[in-house]
Structure formats: structure tokens, C-alpha cells
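Open the model in your viewer and keep the selection panel at hand.

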Amino acid sequence: MTLSPDEVVVFTVGPVAVNATLLFSWLVMALLVVASALLTRGLRAEPPFGRVQLVLEALVDFVFDQVREVTRQEPRRYLPFAGTLFLFILTSNVLAVVPGFQPPTGSLSTTGALAVAVFLAVPAFGASRLGLRRYLRTYLEPTPLMLPFTVLGEVSRTIALAMRLFGNVMSSSMIAAILLAVAPLVFPALMQAFGLFFGVLHAYIFTVLALVYVASGAAETERRATRARGGAG
């Protein structure tokens, strides 16, 4: 039993070893790109709308409402980022029920990369709203002495996000492997159902945590900028 898809080397290209994490990450991304192209090529701006378009619009409206409820802000700016995170994690986790597929979210390198993307999203959203120079100045508010503590707080939240998703996916995989070894004729169907349920749940939890983190960072940036304007005034 392997604890991480990083340990499974699928093939090598010269000195470079391509492991299961890398290979299945590419596969999930390619699958999402092809599915997006096929599902959106027939969309219309005017009626009559096809069934696929109605289903897609219902899904987008649902995600739109979820983002608004979590962030308490205008959801349009967060929707592409949150939707991409959710679809990648969801597809990776759900495909784990396919024999031979190694979910890339079971690797700490993947969850770490997703957490780093969330970490970088905070300054990206802040700089897009305030401008890069004004955003960087907010790190020095209310006093430049707070700079190390502000940076340390954001780094610690990034590490917590990565470890949470990695721990959830790895523990589910280990529990499934142990139960399958104990009673292979009883648990497979049950564990497949649990795998699907927990895959969706983990994708939802990570996306909600990412949204809370990004939205709170944007709100804190706005508060710092407001205090700076008040102090300057």
C-alpha cells in the first residue's frame, strides 16, 4: 500500500521521473478542458435554450449563491477562481473510484500547490482592487512593525489549508484500504459510495475555506486601506 501517489513512478523521460501525481493531474486538467469545450460550444444568448445550457446555468447560479453567502461580497470576482478549485478537487476525488486511478489530491505536493494558489489569490485580488503600490502599503498599517506578523499569519493559514485537504484524502484512502483488506467481499460497494460522498465533501470544504480565506484577506486589506486614508486625513 502506498501512502502517496508521489511514490508511484509511471514512466521516466531521461532523468525525469513522471509519477502518478503528475500524470493524473495532467489527465484531470485535460478532462476538464475537453468537457468545458464540449459543454459550452452550443450556448446561446437568446432563447430557445437547450437542456445542457439550462443545467449549466442552474449549476452556475447555485455556485454563485454559495459564493455570495460565504464571502458576503460581490461573488462575480471570486466565481472563476472558486469554480476552478472546486472542479479540479471534485474531479480528482470522484475519479478515485475508477480502478487504477491515483487521486492527485492524495499528494501533499498537490494540496500544497492548491494552498499556495489560495495564498497568492489574496494579494492578487487585493492588488486588482487597490492597485499594487497601494496594496503593498497596507502591509505596513497600522505600523511597519506589524509586517512580520501579517506575513506569518498568512503563511500559517496556507500551511493549514494544505495539511487539511491532504489529511482528509489520505485518511479516507487508508481507511478504505484497511477495510478492503479485512473484508473484501462486503465493503467494496459501501466504500465506493463513501468515497464519492467524501470526495464531494472534501472539495466543498476546501473551496469554502479558500473563499473564507480570500474574502477575509480582501476585507482586511480594505480595512487597512480605510484606516490609512483616515490617518492621512
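Select α3 and colour it by burial. L79, A82, G83, L85, F88, I89, L90, T91, S92 and N93 are buried there; buried means under 20% relative accessible area, exposed over 50%, and partly exposed in between, with a 1.4 Å probe and protein chains only. α3 counts 16 residues and spans 22 Å from first C-alpha to last, close to the expected 22 Å at 1.5 Å a residue. That expected span is 1.5 Å times one less than the number of residues. Helices (H or I, at least four residues) and strands (E, at least two) are DSSP runs, numbered from the N terminus.

A word on the source: this is a predicted model, in which local features need pLDDT of at least 70, side-chain atom pairs count only at pLDDT 80 or more, and totals for chains, interfaces and linings use all residues. Residues are numbered from 1 along each chain as its sequence is written, and side-chain values use heavy atoms, with hydrogens and water left out.

Next, show the largest pocket. Centre on V63, G83, T84, F86 and L87, which lie nearest its centre among 35 lining residues. A pocket is an open set of points on a 1 Å grid over the protein atoms alone, where a 1.4 Å probe fits, with protein on both sides within 12 Å along at least five of seven lines; lining residues have an atom within 4 Å of a point. The volume is about 1000 Å³, taken as the space filled by probe spheres set on the points, which are joined across faces, edges and corners.

Which helix gives the most to this lining? α3 does, with 11 residues. Colour the lining by class: 27 residues are nonpolar, 7 polar and 1 charged.

Zoom out. The chain has 7 helices and 2 strands, in the order β-β-α-α-α-α-α-α-α from the N terminus. Of its 233 residues, 31% are buried.

Now pick T21, in helix α1. T21 counts as buried because its relative accessibility is 6%. Beyond four places in sequence, T21 touches P5, D6, P104, S107, S109 and T110; contact means heavy atoms within 4.5 Å.

Finish on A17 in strand β2 (residues 16-19). Buried or partly exposed? A17 is partly exposed, because its relative accessibility is 44%.

Key. Nonpolar A, V, L, I, M, F, W, Y, C, P; charged D, E, K, R; others polar.
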